[in-house]
Amino acid sequence: MDRMQGLEDLLDLQAVDTEIDRLLIERQSLPALELYRAAHHHLTRLTADRDRVTAELRQATLDLDRVSGEFDLAEARVTTEQNRLYAGGLSARDADYMRREVEMLKNQQRDREEGVLMLMERKDELTAAQQALESEIAAAADVKDGHQAVIAAAWQDIDGRLAARESRKAEIVPLIAADLLDLYEQLRPTMDDGVAAARLGDGVCGACHLRLSPAEQAGALRSDPPRCIHCQAILVP
Ligand SMILES: [Zn+2]
């Protein structure tokens, strides 16, 4: 395998790997992802609010049913006692006792009625709040779906480009000597932006952009493969 050609192929591989890295970063840093996460949190919060309001509404409905039931029972009792008073035939003492009891029951009923009205108001408020939250949830779900569609489309595009780069990479890799490829793969994770192979142009390393003196260049080119004395990148003359 021609040594210079191997280095040129390595440079091609580096270009493809750099594009793959860039696409992977682009895939994970789409602005729509941030928007999607925000929309998801918003929707989660709204759903929790809706569930809380729904539970409160259920409780208010139970309370209203109970208090209304108590009111109806007590009302029937007031009517019965009143009817007994109207029917007469009671001793003055019993009649007085009953009159006062009816009076007390009526006072209790006024308090109950107030309670019923308050619970009805509470139920109306909660019903309105629940409906408002349902509308907000529907709108937030639409927003989230919108971001999801943008992400899906962008990812489909990026994945298509990634697949093209991967198949190009599969063509290049077999052209490169195994030991050179091993060195490149070992270096890549340690290098800035994953640049492990770079052109040496006008005495400047294409990876770290530092200059090599003529003596340093000559020294670098004597080793196989040539390496940058500054960043250790594999240099391609
Ligand atoms: Zn360098």
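Let me start with a loop: Asp202 sits between β1 and β2 (204–205), where helices (H or I, at least four residues) and strands (E, at least two) are DSSP runs, numbered from the N terminus. Phi of Asp202 is near 55°, a positive value in a residue other than glycine. With 73% relative accessibility, Asp202 counts as exposed; for relative accessible area, buried means under 20%, exposed over 50%, and partly exposed in between, with a 1.4 Å probe and protein chains only.

Before I go on, some housekeeping. This is a predicted model, in which local features need pLDDT of at least 70 and side-chain atom pairs count only at pLDDT 80 or more, while totals for chains, interfaces and linings use all residues. Residues are numbered from 1 along each chain as its sequence is written, and side-chain values use heavy atoms, leaving out hydrogens and water.

His209 also has a positive phi, near 65°, and is not a glycine. You will find His209 in the loop between β2 and α5, and it is exposed, with a relative accessible area of 58%. Pro225 belongs to the loop between α5 (214–222) and β3.

Now the overall layout. The domain assignment, with bounds from an automatic or database source, gives domain 1 (3–176) and domain 2 (181–236). Their centres, taken over C-alpha atoms, are 58 Å apart. The contact between them takes 11 residues from domain 1 and 18 residues from domain 2, contact meaning heavy atoms within 4.5 Å.

So what lies between the two domains? The largest nonpolar core has 33 residues, and Leu10, Tyr184 and Ile234 have the most contacts inside it. By nonpolar core I mean a set of buried Ala, Val, Leu, Ile, Met, Phe, Trp, Tyr and Cys residues joined through side-chain atoms within 4.5 Å. At least two residues of this core come from each of α1 (3–28), α2 (31–87), α3 (92–172), α4 (178–187), β1 (197–201) and β3 (234–236). Helix α1 gives the largest share, seven residues. Because domain 1 and domain 2 both give residues to this core, it lies between them.

Leaving aside neighbours within four places in sequence, Leu10 is in contact with Ile176, Leu180, Tyr184, Ala197 and Ile234. Apart from this core lies another, of nine residues, among them Leu46, Val53, Leu57 and Ala60.

Not counting residues up to four places away in sequence, Asp17 touches Lys169, Tyr184 and Arg188. With Lys169 there is a side-chain to side-chain polar contact at 2.9 Å; that term means a pair of N or O atoms within 3.5 Å, where within protein one must be able to donate a hydrogen and the other to accept it, and residues adjacent in sequence count only if both atoms are side-chain atoms. The C-alpha atoms of Asp17 and Val195 are separated by 8.8 Å, although these residues are 178 residues apart along the chain.

Finally, Gln82 in helix α2. Gln82 counts as buried, at 18% relative accessibility, and is in contact with Val102 and Lys106, leaving aside neighbours within four places in sequence. Thanks, everyone!
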